[in-house]
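Welcome, and take a moment to look over the model before reading on. This short report walks through its sheet, its helices and its charged pairs.

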Amino acid sequence: MPKFTSYDGTELAYRTEGKGEPLVCLAGGPMRDAAYLGDLGGLTAHRTLVLLDARGTGASAAPADPGTHRCDRQVGDVEALRRHLGLERLDLLGHSAGRRPYAPRARSASTGRSSRPPTPS
């Protein structure tokens with residue numbers, strides 16, 4: 001499983017499945033890794049899913065500072081993943097609580113790097 005280092009030094013893991021333009025997928029629910037998302041009902045036929053294990057779940061390391069589990073701090077993890085993947089922009093799919101950190105960002109569009117707002121489930 002590929003890994004990258006996030007903004008605070010925490011090593012995070014992700015997996016890719018499918019073909020086509022990348023779609024970063026964020027799992028919902030407390031402390032759930034992305035494995036339960038599967039292929040999102042066959043979406044892998046049209047998109048390359050980038051399934052991120054949130055900090056402290058799945059193959060991702062627990063952060064040194066437990067305060068970074070907060071939703072608003074996890075936006076930095078996706079930004080670090082975007083840079084790691086070499087993408088200028090990315091599409092996000094947040095399932096359930098996985099969309100929560102990105103709703104304010106989509107409204108403010110402060111960085112201009114998100115191409116579409118997250119999709120609520």
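A residue is called buried under 20% relative accessible area, exposed over 50%, and partly exposed in between, using a 1.4 Å probe and protein chains only. By that rule Glu 17 is partly exposed, with a relative accessible area of 27%.

What you see is a predicted model, in which local features need pLDDT of at least 70, side-chain atom pairs count only at pLDDT 80 or more, and totals for chains, interfaces and linings use all residues. Numbering starts from 1 along each chain as its sequence is written, and side-chain values use heavy atoms, leaving out hydrogens and water.

Let us begin with confidence. pLDDT is the predictor's confidence in each residue, from 0 to 100. The chain averages 80, and 76% of the residues score at least 70. Confidence is highest in strand 1, at 97, and lowest in helix 2 (residues 103–108), at a mean of 48. Helices (H or I, at least four residues) and strands (E, at least two) are DSSP runs numbered from the N terminus.

Next comes the sheet. Two strands pair if DSSP finds at least two bridges between them. Here 5 strands form an open sheet with mixed pairing, in the order 1-2-4-3-5. Its edges are strand 1 (3–5) and strand 5 (91–94), each pairing on one side only. Strand 2 (residues 11–18) and strand 4 (residues 47–52) run antiparallel and are joined by 5 bridges; Thr 16, for instance, has Val 50 as its bridge partner in strand 4.

Helix 1 has 15 residues. Among its buried residues are Val 75, Asp 77 and Leu 81. After the helix comes Gly 86, whose phi is positive, near 75°.

Now for the charged pairs. Side chains of opposite charge can pair when their charged atoms come close. A salt bridge here is a side-chain nitrogen of Lys or Arg within 4 Å of a carboxyl oxygen of Asp or Glu, and the count comes to 7. The table shows some of them.

| Salt bridge | N to O distance |
|---|---|
| Asp 8 and Arg 55 | 3.0 Å |
| Arg 15 and Glu 17 | 3.2 Å |
| Arg 55 and Asp 77 | 2.7 Å |

Arg 55 lies in the loop between strand 4 and helix 1 and Asp 77 in helix 1, so this pair ties together parts that are 22 residues apart in sequence.

Conventions:
The expected span of a helix is 1.5 Å times one less than its number of residues.
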